[in-house]
Every structure is written in structure tokens, then in C-alpha cells.
Amino acid sequence: NDKMYGDGTYTWANGNTYNGEWKDDKMHGKGKMEAANGDSYEGEHENDKMYGDGTYTWANGNTYNGEWKDDERHGRGKWKSANGDSYEGEYENGK
């Protein structure tokens with residue numbers, strides 16, 4: 001089987017990296033994605049998408065810590081801007 005499975009680190013040509021769990025060539029389980037632009041996500045993945053609990057940090061200093069579904073904020077979470085503004089509550093499909 002030539003598919004990525006278990007723990008490992010992958011680096012894309014664009015400079016993005018993922019260090020964490022893999023299943024059938026997809027990010028699946030706990031891990032950390034770091035983008036070349038300075039954004040990062042640490043938490044759970046399912047089938048290559050942010051899914052479950054995790055924290056996303058934008059390069060500008062904004063953060064979201066909470067639940068994800070299909071790469072979107074979904075469920076309970078807290079968003080905080082670099083300037084101190086914040087929202088804590090429910091999200092649905094990224095909103």
C-alpha cells in the first residue's frame with residue numbers, strides 16, 4: 001500500500017506543511033497544518049478537512065478556538081481578533 005497512514009509530516013511545494021495523523025492519503029485525526037502565508041490550524045481532521053475541535057490562527061493574529069465541520073466553523077467556539085474584539089457562541093456553516 002503506497003498510501004500515507006499513521007503519523008507523519010508532509011510538505012507541499014508551496015511551503016505548506018502538515019504534521020499529524022493520516023489515513024488513506026488524507027489528513028485524518030489530530031495534527032497541525034502550517035501555511036506558508038503564516039496561518040495555522042491545530043486540531044482534528046477528517047478526510048482532509050478541519051473537523052472536530054481545533055484552533056485556527058491567522059497570520060494577522062486573529063484566532064478561532066472551537067468546533068469545525070468540513071473546513072468551516074460549526075458548533076461552539078470563540079473568535080478573537082488581534083485588537084481584542086471577541087465573540088463566543090454558536091457557529092453554523094462558518095457563520
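1. A quick definition before anything else: a charged patch here takes residues with over 30% relative accessible area and no salt bridge, with like charges joined within 9 Å. Keep in mind that this is a predicted model.

2. D2, D24, D25, E46, D48, D70, D71 and E72 together make up a negative surface patch. One of its members, D71, sits in the loop that links strand 6 (63–69) to strand 7 (72–80). D71 is partly exposed because its relative accessibility is 36%, and the patch rule asks for over 30%.

3. On to the charges that do find a partner. How many salt bridges are there? The count comes to two, with a cut-off of 4 Å between a side-chain nitrogen of Lys or Arg and a carboxyl oxygen of Asp or Glu. As background, oppositely charged side chains can pair when their charged atoms come close.

4. One of the salt bridges joins E34 and K32, at 3.9 Å from N to O. What about cover? E34 has a relative accessible area of 40%, so it is partly exposed. K32 is partly exposed too, with a value of 30%.

5. E90 and R76 also form a salt bridge, and their closest N and O atoms are 3.8 Å apart. E90 belongs to strand 8 (residues 86–91) and R76 to strand 7, so this contact ties together parts that are 14 residues apart in sequence. R76 counts as partly exposed because its relative accessibility is 43%.

6. Is strand 1 (residues 6–11) largely buried or largely in the open? Of its six residues the number buried is zero, so strand 1 lies largely in the open; buried would mean under 20% relative accessible area.

7. Strand 1 does have a partner, though: it pairs with strand 2 (residues 17–23) in the antiparallel sense, over six bridges.

8. Last one: M4, in the segment before strand 1. Its relative accessibility of 29% is why M4 counts as partly exposed. How far apart are M4 and E21 in space? The C-alpha to C-alpha distance is 9.0 Å, for a pair that is 17 residues apart in sequence.

Notes:
Residues numbered from 1 in each chain as written. Predicted model: local features only at pLDDT ≥ 70, side-chain atom pairs only at ≥ 80, totals over all residues. Heavy atoms only, no water. Patch = residues over 30% accessible without salt bridge, like charges linked within 9 Å, V, L, I, M, F, W, Y side chains within 5 Å. Areas by Shrake-Rupley, 256 points an atom, 1.4 Å probe, with all protein chains shown as cover. Lys, Arg positive; Asp, Glu negative; His and termini not counted. Charge placed at Lys NZ, Arg CZ, Asp CG, Glu CD. Helix = DSSP H or I, 4+ residues; strand = E, 2+ residues; numbered from the N terminus. Buried < 20%, exposed > 50% of the residue type's maximum accessible area, 1.4 Å probe, protein only. Pairing = 2+ DSSP bridges.
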